[in-house]
Amino acid sequence: MEKTGRFIVRRDGGCVICGGKEHLQVHHLRKRSQQGSHRVGNQVALCEDCHDDVHAGLIDLPITDGAQ
Ligand SMILES: [Zn+2]
Ligand SMILES: [Zn+2]
């Protein structure tokens, strides 16, 4: 995992949905086309299962990026 990804995982301590610590991936809260960025405030750690559910529209993630 890239350096930023490790930082995100350490900050979040695992998947932000289920707390799992396996198969973690970094998810961008806003797509770059939607004014997202690579700032760490725009990224959260998700496990593979929850990540799939988020992209499938089964889980809504709160976007907390606005104030940063
Ligand atoms: Zn999860
Ligand atoms: Zn994603």
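Modeller: **The zinc site and its surroundings**

The zinc ion (ligand 2) is coordinated by ND1 of His27, NE2 of His51 and NE2 of His55, at 2.0 Å; donors here are N, O and S atoms within 2.8 Å of the metal (3.2 Å for Na, K and Ca), and since water is not among the atoms, sites may look incomplete. The spacing of these donor residues in sequence is H-x23-H-x3-H. His27 lies in strand 1 (residues 24-28) and His51 in helix 2 (residues 48-55), so the pair ties together parts that are 24 residues apart in sequence. Helices (H or I, at least four residues) and strands (E, at least two) are DSSP runs numbered from the N terminus. His27 is buried, with a relative accessible area of 7%, and His51 is buried as well, at 12%, where buried means under 20% relative accessible area, exposed over 50%, and partly exposed in between (1.4 Å probe, protein chains only).

This is a predicted model, in which local features need pLDDT of at least 70 and side-chain atom pairs count only at pLDDT 80 or more, while totals for chains, interfaces and linings use all residues. Residues are numbered from 1 along each chain as its sequence is written, chains are lettered from A and ligands numbered from 1 in the order in which they are written, and side-chain values use heavy atoms, with hydrogens and water left out.

Turning to the chain as a whole, its secondary structure comes to two helices and two strands, which follow one another along the sequence as α-β-β-α. In helix 1 (residues 3-12), the buried residues are Gly5, Ile8 and Val9. They cover an arc of only 95° around the axis (taken from the directions from the helix axis to the C-beta atoms), which puts them on the same side of helix 1. The face turned away from that buried side carries the exposed residues Lys3 and Arg10. Strand 1, the strand that holds His27, is among the elements covering the buried residues of helix 1, as is strand 2 (43-47). Just after helix 1, Gly13 takes a positive phi of about 70°.

As for confidence, the chain averages a pLDDT of 83, and 76% of the residues score at least 70; pLDDT is the predictor's confidence in each residue, from 0 to 100. Among the elements of the chain, helix 2 has the highest mean pLDDT (96) and helix 1 the lowest (92).

Methods
Contact = heavy atoms within 4.5 Å.
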